[in-house]
Amino acid sequence: MNALLPQITPDVNSYGMIIRDTYLARLKALPIFTASVQKWATTRFFIKQHVEFPFVGVYLLDENWLYETNWNAGAPHYVHMLRLGYSVVVVNNDPEASEHNLDQAHWAIMHLFDQPLWQQIAMPPPFDPILIEGVTRGSRSHWFGNAGLNNDLPVAELRMDQTFTYRSDWPPTIKDGFLSMDVTAALSWPYDPGAGDSVEFDFEIPQD
Amino acid sequence: MSMTSTGVDWPGEVYEPNFDYFARSINITPVVSQPGQPSYAARGIFNTGEVYVPAMDGSLICTNQTIVDILVSEFPILPMQRDLIDIPDTTIAGGSFELASVSGDNGGGEITLTLKRRDMTALVAQWLDATDYSVGSPVFDQPELTVG
């Protein structure tokens, strides 16, 4: 079961944003979140209110990319490292219970790797599927309030991140490509098409 | 110059009159400070104000810092962390709290209790059997071309 997402395709949006939105949909499909989460977010824009817990945020924390081969030769090819952040906030006066609850959320997210096609994101025609090469690192930590620990709402937060690695290629878009060449060779000069002494050659230029 | 050197009886001349005016009733269940003992009535000056909790990626959670000031002289055994405190509603809302922190004496016989609301909004964990759910590729909405 998958959430319906607004149209987001790689002609107008980045692979990174599509991966972020896909993981938002995938987390929404996890049973631990479907029944109980009161608020979902993808940005920090709105301050979270006390009625919005349990809360889950799926954030595009940052993205870096490095050249894959020779940076100064040929079309650019990049290996991207997209860091997604998962913020899960619950409320509980019992910190041991809330920590176990956060750990369950963390483990449920890790179980997304159980899905055989987790690394593929289908796109509508004519786009190819977006492929995630791997998740190369991750981390998590548990937080229990502000620095003074004087917040009266007993919140506990799972901060978890995963780094998704994928590639992008940027071949030039050539609209006046050198696709073919017609050559006529003749003995007479000036050239007389009626002289019957000419030979025509058609060259197809390989594009690979 | 210290407070006591002024000759002011802070508990008697300052705090008690203020408590007579500002304090409200509270009920303390001493689950830690006096295990097994019933709850008892007391009084304290309640205050609450906005405070923010930083969360992932610089996001913020809006909540309150809620405290109750009490007079040490009114408590044979002081409350302790994780005792329960109920503050009945008056014209001002109260609530059900757990004692998070007990400050030291302010030098005048008053201490501050920092409270956490008794609340719980938990996730319900379930065994994840891959046959029970699918999180494969999401279904994307298709654009519709409208010619008007």
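Biologist: Which strand of chain B is joined to β4(A), and how do the two run?

Modeller: In this predicted model, β4(A) is joined by two bridges to strand β7 of chain B, residues 120-121, and the two strands run antiparallel. One pair to look for in the viewer is Asn92(A), whose bridge partner in β7(B) is Met120(B).

Biologist: What joins β4 to β8 within chain A?

Modeller: The general idea is that in a regular strand the side chains alternate between the two faces of the sheet. In the present case, strand β4 of chain A, residues 77-92, is joined to β8(A) by 15 bridges in an antiparallel arrangement, and Ser87(A) has Arg159(A) as its bridge partner in β8(A). Strand β7 of chain A, residues 134-143, is also antiparallel to β8(A), with nine bridges between them, and here Ser139(A) is partnered by Asp161(A).

Biologist: Is β8(A) mostly covered or mostly open?

Modeller: Strand β8(A), which spans residues 155-169, is mostly covered, since 13 of its 15 residues are buried.

Biologist: How should I read the size of the interface, and what is the area buried between chain A and chain B?

Modeller: The size of an interface is often given as the accessible area lost when the parts come together. For chain A and chain B the buried area is about 4800 Å², with carbon and sulfur atoms giving 58% of that area. Asn93(A), Gln115(A) and Asp152(A) supply 15% of the area that chain A buries against chain B, which is more than any other three residues. Counted by contacts, 64 residues of chain A meet 46 residues of chain B.

Biologist: How many salt bridges does the rule find across this interface, and how many residue pairs are in polar contact?

Modeller: The rule finds one salt bridge across the interface of chain A and chain B, and that salt bridge links Asp152(A) with Arg117(B), whose closest N and O atoms are 3.2 Å apart. Between the two chains, 18 residue pairs are in polar contact, counting pairs in which both residues have pLDDT 80 or more.

Biologist: Which element gives the most to the side of chain A that touches chain B?

Modeller: The strand β4(A) gives the most, with eight residues. The residues on that side of chain A divide into 36 nonpolar, 19 polar and nine charged.

Biologist: Where does Glu96(A) lie, and is Glu96(A) buried or partly exposed?

Modeller: Glu96(A) lies in helix α3 of chain A, residues 95-110, and is classed as partly exposed because its relative accessible area is 47%, a value between the cut-offs of 20% and 50%.

Conventions:
Residues numbered from 1 in each chain as written. Chains lettered and ligands numbered in written order. Predicted model: local features only at pLDDT ≥ 70, side-chain atom pairs only at ≥ 80, totals over all residues. Heavy atoms only, no water. Buried < 20%, exposed > 50% of the residue type's maximum accessible area, 1.4 Å probe, protein only. Helix = DSSP H or I, 4+ residues; strand = E, 2+ residues; numbered from the N terminus. Pairing = 2+ DSSP bridges. Contact = heavy atoms within 4.5 Å. Buried area = accessible area lost by both parts, 1.4 Å probe. Salt bridge = Lys/Arg side-chain N within 4 Å of Asp/Glu carboxyl O. Polar contact = N/O pair within 3.5 Å; in protein donor to acceptor, adjacent residues only side chain to side chain. Nonpolar A, V, L, I, M, F, W, Y, C, P; charged D, E, K, R; others polar.
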